[in-house]
Amino acid sequence: MRELGPYLVANTASCTPHTTLDVIAQAVAGGIQWVQLRAKEETAREFYELAIAAAELTEGKAELLINDRIDVYLAARAAGAAVTGIHIGQKDLPVRVARTLIGEGIIGLSASSDDQLAQAARDAQAIDYLGVGAIRATPTKKDHPTPIGIDGFLRAAGRVDLPCVAIGALTAQDASALRQGGAAGMAVVRAICAAQSPETATRELVDVWESAR
Amino acid sequence: MRLSVVAERMRAQQPLVFCLTNVVVSNFTANVLLAAGAAPAMTNLPGEAREFAKVASAVLVNLGTPTTEQMHAMEQAVVGANEANTPWILDPVAVGALGERTDFARSLLPARPTLIRGNASEILALAGFESAGRGVDSTDSVTAAMHAGTDLARRYGSVVAISGPADAIIDADRTTLVHTDGLALTKVTGGGCALGAFTAAMVAAGDEVFEAAVSAHAWYGLAAERAWSRSRGPGSFAVNFLDELGEVTPSDIDSVRHEKH
C-alpha cells in the first residue's frame with residue numbers, strides 16, 4: 001500500500017446539512033476509496049450503529065476506518081460489518097498494542113512532531129500509513145497540532161518510510177502540490193462533509209488528484 | 001435579571017470587537033460599536049487573525065462580501081477564538097442563496113459559534129431547511145425559522161438570534177421574543193450586520209450569552225425605533241440612530257417588551 005489518494009474523514013459534527021451516512025454514500029458514489037468515520041461526541045452504541053450502517057455503504061468500494069475507538073471497530077467487525085481498520089492518534093492506545101488487538105486490519109496513526117515521526121518509524125511494522133498535519137490550522141479540530149504547511153508536510157513525509165497522508169484544512173487546490181511532492185494521500189473533512197453536493201466535491205477532488213501526476 | 005445590567009457592564013468595559021466583516025458595512029459597523037461604547041477593530045489579514053482573536057474581547061465573522069483571503073483569515077480567527085475562549089459570532093449573510101458561502105458557513109459550525117445571528121431565511125438555510133431567501137433580504141418569517149434556530153442551538157451549543165419584526169433569541173431549550181419597531185434598520189445598509197458586531201460586544205461583557213443577546217436586541221431595536229421617529233428619511237435615520245445608541249439609558253432598555261415564547 002503505497003498510495004491512498006483522496007481520503008474522507010467523515011466527522012459527524014461536520015456533516016451539515018447532509019447526514020453522515022448521506023455524506024459517505026455520496027462520497028463513495030463520487031469515487032472516494034478511503035473513509036474514516038470520526039464521531040467524537042457520540043456514545044459507544046451510537047458510534048457502533050453508525051459504523052455498521054456506514055460499512056454497508058462502503059463494502060467492496062472503499063476502506064472504512066474507525067477513528068480512535070478500537071472497541072467500536074472490534075465490535076462492528078464481530079457483528080459482521082465490513083469495517084477495514086482503525087485510525088488512531090497519539091493519545092489513544094499504543095500502536096503496537098492496537099496491532100495485537102486487531103490482527104489483520106489497517107492501522108493509520110496521526111503523527112506530526114519529529115519525535116512522533118521517529119517513534120512511528122520504529123513502530124513501522126505495526127503501521128500501514130501515517131496521517132501527518134495539520135497542514136493549516138483548522139476550526140474543525142480543537143486540539144490539532146501546530147500547522148506545518150505543505151512544505152513542512154513534504155519534509156516530514158520524506159523522513160519516514162511509510163505512506164503519509166496530509167490533513168488539515170485542505171482543498172482540491174492542494175492536490176497537485178501534495179501528490180507531486182510525494183504525498184500518499186490527502187484527507188479532507190470540510191471540503192466534502194460541508195459541501196452542498198458531497199458527491200460533486202468528491203468527484204472534483206478525485207479528478208484533480210488523478211490528473212496531478 | 002434586568003436587561004440593562006449587561007448594557008451597563010458593556011459601557012464600563014468597552015470590549016474590543018475584532019470584526020471580519022464585509023466591505024459595505026465596515027464603516028457603519030465601527031461607528032455603531034463606538035456609539036454604543038465598545039471598541040472596533042476591522043482587519044482581515046490571515047497571518048494575524050489567530051493571534052488577534054486571542055486578545056480580542058469578541059470576534060465577528062460576517063460573510064457579506066467574502067474573498068478567498070478573508071475566508072482564510074476567518075478560519076484562523078475562529079481557531080484563535082476557540083483557543084482563548086474568546087466568544088465568536090457567526091453572521092451567515094446570504095447563506096442559502098449562494099453556494100460557496102453556504103458551504104463555508106456550514107463548515108465553521110463544528111467549531112461551535114458562541115452565537116449565530118441572521119434573518120429567518122439565513123437561519124433556515126444554515127440549518128439545512130428550505131428557505132426562500134434572495135441574498136440579504138429575508139422572505140421567511142421569524143416564527144417559521146424558530147425550529148431551525150433550535151436545531152442549530154442543540155447541535156452546536158450556540159445561541160441563535162433571528163432578526164425580524166420581533167427578534168427571536170433561542171438556545172437549546174428556550175426562546176425569547178424581543179419586541180421593538182426596528183423596521184427602519186432595513187432602510188439603510190448594515191442594520192443587521194452592525195447588530196451582529198454590537199451583539200458580539202454585549203456577549204463579551206455578559207456572564208451569559210442568551211441574556212446578553214436579549215439585552216443587545218432590546219437596546220439596538222429601541223435606538224432604531226427612536227431614531228426613526230425623529231428622522232426625515234434613511235439618511236438622517238442613520239445619523240440619528242448612532243446618536244440614539246449612545247443616549248439610550250438603562251431604564252429605557254429595561255422598558256423594552258420581551259417575552260418567553
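Mentor: Start with a helix axis. An axis is a line fitted to C-alpha atoms, for helices over the stretch in contact. Keep in mind that this model is predicted.

Trainee: How closely do the axes of helix α1 and helix α2 of chain A come, and at what angle do they cross?

Mentor: Take helix α1, residues 20-29, and helix α2, residues 44-58, both of chain A. Their axes come within 9 Å. They cross at roughly 20°.

Trainee: What does that angle make of the pair, roughly parallel or roughly antiparallel?

Mentor: Angles under 35 degrees count as roughly parallel. That makes α1(A) roughly parallel to α2(A).

Trainee: Which residues make the contact between them?

Mentor: From α1(A) come Thr20(A), Leu21(A), Ile24(A), Ala25(A) and Val28(A). From α2(A) come Leu50(A), Ala53(A), Ala54(A), Leu57(A) and Thr58(A). Sorted by class, eight are nonpolar, two are polar and none is charged.

Trainee: Is the crossing of α1(A) and α2(A) left-handed or right-handed?

Mentor: The crossing of α1(A) and α2(A) is right-handed.

Trainee: Now helix α9 of chain A. How do the axes of α1(A) and α9 cross?

Mentor: Helix α9 of chain A covers residues 198-210. Its axis and that of α1(A) come within 7 Å, crossing at roughly 40°. The two helices are therefore oblique to each other. This crossing, of α1(A) and α9(A), is right-handed.

Trainee: Which residues of α1(A) and α9(A) make that contact?

Mentor: On α1(A), look for Val23(A), Gln26(A), Ala27(A) and Ala29(A). On α9(A), look for Pro198(A), Glu199(A), Thr202(A) and Arg203(A). Four residues of this contact are nonpolar, two are polar and two are charged.

Trainee: Let's turn to the two chains. How is the size of an interface given?

Mentor: Often as the accessible area lost when the parts come together. Here chain B and chain A bury about 1,600 Å² between them. Of that area, 51% is on carbon and sulfur atoms. In the contact, 22 residues of chain B meet 19 residues of chain A.

Trainee: How many salt bridges does the rule find across the interface of chain B and chain A?

Mentor: The rule finds two there. Over all chains, the structure holds 20 salt bridges.

Trainee: What does Arg190(A) form a salt bridge with?

Mentor: Its partner is Glu75(B). The closest N and O atoms are 2.6 Å apart. The pair crosses between chains. Glu75(B) is in helix α4 of chain B, residues 68-84. Arg190(A) is in helix α8 of chain A, residues 190-193.

Trainee: And the backbone? What is the general rule for phi and for peptide bonds?

Mentor: Most residues other than glycine have a negative phi, and most peptide bonds are trans. Now look at the cases here. The bond from Thr16(A) to Pro17(A) is cis, with omega near 0°. Pro17(A) is found in the loop between β1 and α1 of chain A. The bond from Gly133(A) to Ala134(A) is also cis. Its omega is near -5°. Ala134(A) is in the loop between β6 and α6 of chain A.

Trainee: Where is Gln14(B), and what phi does Gln14(B) have?

Mentor: Gln14(B) is not a glycine, yet has a positive phi of about 50°. Find Gln14(B) in the loop between α1 and β1 of chain B. Ala94(B) is not a glycine either, and has a positive phi of about 60°. Ala94(B) lies in the loop between β4 and α5 of chain B.

Conventions: Residues numbered from 1 in each chain as written. Chains lettered and ligands numbered in written order. Predicted model: local features only at pLDDT ≥ 70, side-chain atom pairs only at ≥ 80, totals over all residues. Heavy atoms only, no water. Axes fitted to C-alpha atoms, helices over the stretch in contact; angles between N-to-C directions. Helix = DSSP H or I, 4+ residues; strand = E, 2+ residues; numbered from the N terminus. Parallel < 35°, antiparallel > 145°, perpendicular 65-115°, else oblique. Left-handed = near helix turned anticlockwise from the far one by under 90°. Contact = heavy atoms within 4.5 Å. Nonpolar A, V, L, I, M, F, W, Y, C, P; charged D, E, K, R; others polar. Buried area = accessible area lost by both parts, 1.4 Å probe. Salt bridge = Lys/Arg side-chain N within 4 Å of Asp/Glu carboxyl O.
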